[in-house]
Every structure is written in structure tokens, then in C-alpha cells.
Amino acid sequence: MPPARRKRGEFETIAALFRPLTQGRREALNLADDVAALRAPPGRDLIVTADQLIAGTHTLGDEPADLIAKKALRRNLSDLAAKGAAPYGYFMTLALPRGTRDSWLARFAAGLADDGARYRIPLLGGDTGSTDGPLVVSITALGLGPRGRRIARAGAKAGMDVYVTGTIGDAALGLDALQGRGRRDRTLERRYFLPEPRVAFARVLARYARAAIDVSDGLLADLGHLARASGVAARIEPADVPLSAAARRALAAGAAFERVLTGGDDYEVLFAAARADSRALHAAAARSGLRISCIGTLVAGAPGRIDISGMSAARISRGFTHF
């Protein structure tokens with residue numbers, strides 16, 4: 001965590017480091033007020049999500065400041081993408097360990113500036129404070145989705161297929177390697193430090209997904225959340241879970257496949273779609289340049305139950321939980 005003392009005051013810090021992150025958006029009121037002024041465009045719904053990052057819990061605790069900033073923002077962008085929403089703006093509160101250096105905070109703001117430009121999402125407001133505890137970054141992100149077409153967890157039905165974007169397990173295997181429980185691999189470690197929110201895929205999801213959730217707690221845990229909310233059970237095929245070349249190398253070197261199914265921090269999107277839409281969905285995904293994989297189906301049964309072909313689900317942890 002950032003050591004030493006800062007010399008710049010709160011309002012000077014806001015003016016110098018955070019006001020540029022508004023990208024000139026009028027809603028932010030130049031970060032000179034206690035509020036922002038928002039209005040959803042005609043035909044659009046305002047979708048809101050909030051997530052926090054606690055140093056040492058959601059991070060190793062000693063990552064560079066810009067990576068911490070990007071991960072904090074991208075976690076929220078992933079939630080918006082899973083709802084089929086395009087980024088609109090975000091609010092941020094910071095609890096900074098006492099004595100945080102100006103140089104650390106400048107690098108943190110630079111990380112936010114990079115991703116703000118990349119994903120076209122400005123800072124609209126927030127608050128800063130100091131703490132005797134660890135760094136806490138809390139972000140509330142807003143997105144815009146088609147009016148009345150929000151993708152809920154509870155929209156799936158038995159008979160629908162279960163899909164996931166990208167690859168699964170990279171971040172968990174990367175974290176294991178960083179903590180000495182596996183062979184070091186830069187590709188896997190980067191996936192842990194810098195997830196890729198599927199922002200560009202949101203439009204496809206808005207058209208085809210009947211229920212969706214981002215994979216943050218682990219594939220099985222989040223599939224369980226979706227199935228439980230929708231009142232269905234799920235059956236998945238482990239062989240169909242998409243793996244990167246780096247993950248396959250880790251598994252060949254002795255990593256447990258259960259870690260792929262239960263590890264968190266993938267920030268891919270898990271979603272249900274009607275079987276009749278399969279061809280059109282795959283074509284839309286191909287046009288977007290994103291890999292999607294059908295990993296199973298939703299079935300009638302106890303809500304949230306997951307059957308895993310060839311494996312005993314009872315012996316597998318269901319993923320990360322804070323409590």
C-alpha cells in the first residue's frame with residue numbers, strides 16, 4: 001500500500017487529478033458540487049451498479065496504483081456489460097490510508113484516465129477520505145440500456161442453453177501462481193490484474209440473452225446465482241468450458257480443474273439464450289470478435305442445483321463468498 005505523506009489537500013487533489021476524468025461532461029458539474037445532474041436519453045433505461053475493491057481482499061495489496069484503479073473500474077463495467085448496458089458515467093469514493101503519497105495517487109488517477117478514455121466513461125462525482133485501515137475504492141457505475149429490456153438474472157427458463165464469453169479460470173490460476181501455488185505465467189497473472197469487461201458485447205447480449213451475470217465469484221457460484229433466481233437447475237459439460245492455452249499449460253503442470261470451475265475474477269459473462277437463437281447468436285458473436293461457448297443447459301429441478309457431467313458437485317467448492 002502507498003507509504004509516506006501527501007502534501008496536496010483534498011480540493012487541490014480533486015482539481016488536479018480527478019476533474020480531468022470528467023471528460024468535460026456537464027452532468028459532473030465540474031466536480032464543484034455535492035451532486036451530479038443526470039437524465040437518461042429518450043428510449044433508454046439508466047442501469048446502476050456498485051462494487052468496492054478492498055486492498056488485500058480483492059487485490060494482493062501491493063499492485064501498482066494504476067492497476068488497482070483499472071481493476072476497480074472494470075469490475076463495475078463487467079456488471080454493466082452483463083445487463084446489456086453501455087457505459088455512461090461513474091461515481092467513486094476513496095478511503096486512502098493515512099500518509100498516501102501524491103505520486104501514488106497521481107498514478108491511480110492516470111489508470112482511471114486510461115480506462116475512462118478506453119471505455120468512454122467519465123467520472124461524475126464522488127468523495128475522498130483517509131483511514132487507518134486498508135485502501136478502499138468504491139465505485140457506482142451507470143450504464144444505458146434499451147428501454148424496458150434490462151437483462152435480469154431471473155429471466156431464464158428450462159430448455160435454454162448456457163453460454164460463457166472468453167475463457168474461464170485464467171485469473172484464479174494466475175492468482176495461485178502469484179501466491180506460490182503454481183507455475184508463474186504472465187498471461188494468467190495479467191488476467192488476474194487486468195480483467196477484460198465485455199463492454200463491446202453488451203449489444204449482442206441485449207438482443208439475445210434472457211438472463212445473465214458476470215463471472216466474479218466463480219463459474220459454478222455465479223451459474224448457481226442465475227439458476228436460483230430463475231427457478232431452474234443447470235447441467236454443464238466440463239469438457240465444453242473454454243480454456244486458454246495458458247490455463248491448459250497450468251492444468252498439465254498439475255493445477256486442479258476444480259479451480260477453473262470455482263475460482264473468481266474472470267469477469268466474463270455467463271448467460272442463457274433460447275436454443276432457437278443459437279445460429280444468430282454465434283454469428284453476432286463472431287461479428288463482434290468475441291468467442292462464446294455453450295457449456296450446458298438449464299433444466300427443471302431444484303432452483304440453483306448444478307449437475308456436472310462426470311464430476312461430483314458435492315465435493316466441489318461453490319466459489320468465493322465474503323461471509
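**Exercise 1.** Determine in which sense strands β5 and β9 run, and how many bridges join them.

*Solution.* In this predicted model, begin with β5, residues 161-165, and β9, residues 292-299, which run antiparallel and are joined by five bridges.

**Exercise 2.** Give the order of the strands in the six-stranded sheet, and find which strands are its edges.

*Solution.* Reading across the open sheet, the order is β6-β8-β5-β9-β7-β10, and the pairing is mixed. The edges are β6 (209-214) and β10 (306-308), since each of these pairs on one side only. Neighbouring strands are turned against each other by 25° on average, when direction is ignored.

**Exercise 3.** Identify what helix α2 touches in this sheet, and which strands helix α7 lies across.

*Solution.* Helix α2 (residues 65-82) packs on the sheet by touching β6 and β8 (269-273), and its direction makes about 170° with that of β6. Helix α7 (residues 219-230), running at about 140° to β6, lies across β5, β6, β7 (233-236), β8, β9 and β10.

**Exercise 4.** Describe the four-stranded sheet and the pairing of β2 with β4.

*Solution.* The open sheet has the order β1-β4-β2-β3 with mixed pairing, and its edge strands are β1 (44-54) and β3 (123-131). Within the sheet, β2 (residues 86-97) and β4 (residues 136-146) pair in the antiparallel sense over nine bridges, with L94 standing opposite V137 in β4. Finally, α2 also packs on this sheet, where it touches β1, β2 and β4.

Terms used:
Residues are numbered from 1 along each chain as its sequence is written. This is a predicted model: local features need pLDDT of at least 70, side-chain atom pairs count only at pLDDT 80 or more; totals for chains, interfaces and linings use all residues. Side-chain values use heavy atoms; hydrogens and water are left out. Two strands pair if DSSP finds at least two bridges between them. Helices (H or I, at least four residues) and strands (E, at least two) are DSSP runs, numbered from the N terminus. Axes are lines fitted to C-alpha atoms, for helices over the stretch in contact, and angles run from 0 to 180 degrees between N-to-C directions. Contact means heavy atoms within 4.5 Å.
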